[in-house]
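The following paragraphs walk through some side-chain arrangements in the structure shown here.

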Amino acid sequence: MEETRDTSTGGERTGGGPHAPQRRHRVAVLALPGVPPFELGIPSRVFGSVEDAEGRPLYEVVVCTADGKPVLSDAGFVVQPAAGPEALAAADTVILPPTHAMPELAEGGPLPPEVGAAIAGIRPGARLVSICSGSYVLAAAGLLDGRPATTHWNLAPEFRRAYPKVRVDEEVLFVDDGDVLTSAGVAAGVDLCLHMIRRDHGAAAANRAARMCVVPPWRDGGQAQFIDRPVPEPTLASTTATRAWALERLGEPLPLDKLAEHARMSLRSFTRRFRDEVGMTPGQWLTAQRLELAKQLLETTDLSIDLVAHRAGLGSGNSLRAHMKTAFGVSPAAYRRAFSSAPA
């Protein structure tokens with residue numbers, strides 16, 4: 001499971017339950033001058049892969065610009081938008097990819113008037129999302145003040161200086177603060193889109209979308225594994241095989257010494273190497289994987305809460321309740337009511 005910060009209440013689906021007729025969730029992607037094409041295309045590709053049981057799209061994605069006119073991407077070609085700022089007023093979710101053409105934002109400068117007006121036109125209650133340095137646009141509009149957020153790890157010191165009111169965490173792949181979500185660089189935008197699908201429609205829908213995009217439904221660790229650090233000695237072993245081995249045995253006791261033994265390392269070397277590779281401790285990683293398994297069992301089976309906890313390696317139902325309340329702000333029973341696809 002990717003390392004994230006999630007302060008949303010969790011469990012609420014947009015547009016009703018998984019089997020209820022519903023209109024498509026409207027996603028507006030705001031293309032600004034200097035937008036990188038890869039990040040611009042992420043929402044259309046990922047959300048466009050989501051369908052209901054009858055094969056109907058669950059999201060409607062439109063690319064718009066602040067004034068409805070074409071913008072020049074940072075790759076040298078022009079992006080012709082499908083709509084102007086009116087798309088923001090109608091959107092359920094607004095996504096801001098990065099821009100490489102507004103250097104003034106790196107100094108905490110104001111948004112261009114047309115961009116500020118377009119942001120101001122977003123309807124109240126819409127979900128706001130940034131990919132990579134798109135967070136600068138949200139911050140410049142004052143929409144991240146007092147909130148937790150992330151951006152590319154290499155930009156974090158600059159971002160902190162420019163926007164001191166934002167609580168920046170560069171260690172995570174994305175931050176879910178309920179109605180405002182921010183992601184780290186490039187591929188973390190894919191992670192965040194899959195997370196939103198999981199939040200809206202459950203893990204099964206997110207997993208299907210991930211398979212269609214040929215990407216993992218979640219990634220281990222956070223940005224810590226990508227931050228520029230001295231390269232470890234090549235003679236040191238990797239913990240990758242041990243992590244794969246542990247994922248097949250989440251229901252069993254997996255003490256640290258057993259993991260280190262499998263990796264053929266000392267406890268100290270294993271713990272240090274694990275954190276360098278994954279960005280969290282072995283215990284934190286195991287808990288995250290077990291919670292992900294518990295969520296899948298709650299969604300896809302009618303097992304009792306105690307049995308779900310046992311199979312996920314989390315001990316008792318009370319332990320599962322405590323972990324889920326801490327991690328997701330919701331109880332196992334409430335999560336099952338919101339996301340279960342198992343027969344009643």
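A charge is taken to sit over a ring if NZ of Lys or CZ of Arg is within 6 Å of the ring centre and within 35 degrees of the ring normal. The model is predicted, so local features need pLDDT of at least 70 and side-chain atom pairs count only at pLDDT 80 or more, while totals for chains, interfaces and linings use all residues. Residues are numbered from 1 along each chain as its sequence is written, and side-chain values use heavy atoms, with hydrogens and water left out. The charged end of lysine 295 sits over the ring of phenylalanine 328, at 4.5 Å from its centre.

Aromatic rings pair if the centres of Phe, Tyr or Trp rings (for Trp, the six-membered ring) lie within 6.5 Å, with planes under 30 degrees apart counted as stacked, over 60 as edge-to-face and the rest as tilted. This rule gives six aromatic pairs. One of them joins tyrosine 136 and phenylalanine 159 edge-to-face, with 4.9 Å from centre to centre and 90° between the planes. Phenylalanine 159 also pairs with tyrosine 163, and because their planes stand at 50°, with centres 5.3 Å apart, this pair is tilted.

Alanine 91 counts as buried because its relative accessibility is 1%, where buried means under 20% relative accessible area, exposed over 50% and partly exposed in between (1.4 Å probe, protein chains only). Alanine 91 and valine 29 are 62 residues apart in sequence, yet 9.3 Å apart in space, C-alpha to C-alpha.
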